[in-house]
Amino acid sequence: MAQSLQRYGFQAGCYPPRTGRTFSEVTYFPNLKYLGSYVLGYFDGDGCAYANKGRSGGLVCIVGSFEFARELAMHLGMGSVQEHHLKKVYYWRIFSRKNIQAFYDFVYQYPRLGLQRKKTKIEAILRSYKHG
């Protein structure tokens, strides 16, 4: 996969398997044209979405290095960075309906991309909010 991405101009931040990108200090974000698809791929691999049980809302997060989580928050203009309790990785997290909707709209610009189960989970979170 790293070789295929390099052919399209993605060079920094592409690692072959087992090099531990989560612990690497190298961060790379493509230009805005590809950023939504890039973040979606990262979310599908290292992200999660949780609905609040018995109430509205939920959480969307992506795990990575501190540098990656911080850069993600900066590039998307939303979210917070929180250290994992084991202090080896960090989470980029969003909670509000506005930010979860903005994230959903940004990463699912191309309907055929992404894992359907994660897309469905975010849709369930968005439906759980009370309207009006």
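Reader: Which residue of β4 is the bridge partner of Ser80?

Author: The partner of Ser80 in β4 is Arg93. The model is a predicted one, in which local features need pLDDT of at least 70 and side-chain atom pairs count only at pLDDT 80 or more, while totals for chains, interfaces and linings use all residues. Residues are numbered from 1 along each chain as its sequence is written, and side-chain values use heavy atoms, with hydrogens and water left out.

Reader: What joins β2 to β4?

Author: Five bridges join these antiparallel strands. Within β4, Arg93 is the residue that stands opposite Cys61.

Reader: What makes β1 and β3 the edge strands of the sheet?

Author: The open sheet has four strands in the order β1-β2-β4-β3, with antiparallel pairing. β1 (47-51) and β3 (80-83) each pair on one side only. On average, neighbouring strands of the sheet are turned by 30 degrees against each other, direction ignored. Helix α5 (residues 116-128) packs on the sheet, where it touches β1 and β2 (58-64), and its direction makes about 35 degrees with that of β1.

Reader: What counts as a helix or a strand here?

Author: Both are DSSP runs numbered from the N terminus: helices are H or I with at least four residues, strands E with at least two. The protein has five helices and four strands, and from the N terminus the elements run α-α-β-β-α-β-β-α-α.

Reader: Why is α2 called roughly perpendicular to α4?

Author: Helix α2 (residues 32-46) and helix α4 (residues 97-107) pack at about 110 degrees, with their axes 8 Å apart. That value makes α2 roughly perpendicular to α4, because angles of 65 to 115 degrees receive this name, whereas those under 35 are roughly parallel, those over 145 roughly antiparallel and the rest oblique. Axes are lines fitted to C-alpha atoms, for helices over the stretch in contact, and angles run from 0 to 180 degrees between N-to-C directions.

Reader: Which residues make the contact of α2 with α4?

Author: Leu32, Leu35, Gly36, Val39, Leu40 and Phe43 of α2 meet Phe103, Phe106 and Val107 of α4; contact means heavy atoms within 4.5 Å. These residues divide into eight nonpolar, one polar and no charged. Ala, Val, Leu, Ile, Met, Phe, Trp, Tyr, Cys and Pro count as nonpolar, Asp, Glu, Lys and Arg as charged, and the others, Gly among them, as polar.

Reader: Is Gly64 buried or exposed, and what value decides the matter?

Author: Gly64, found in strand β2, has a relative accessible area of 0% and is therefore buried. The class requires under 20%, while exposed means over 50% and partly exposed lies in between (1.4 Å probe, protein chains only). Of the 132 residues of the protein, 36% count as buried.

Terms used
Pairing = 2+ DSSP bridges.
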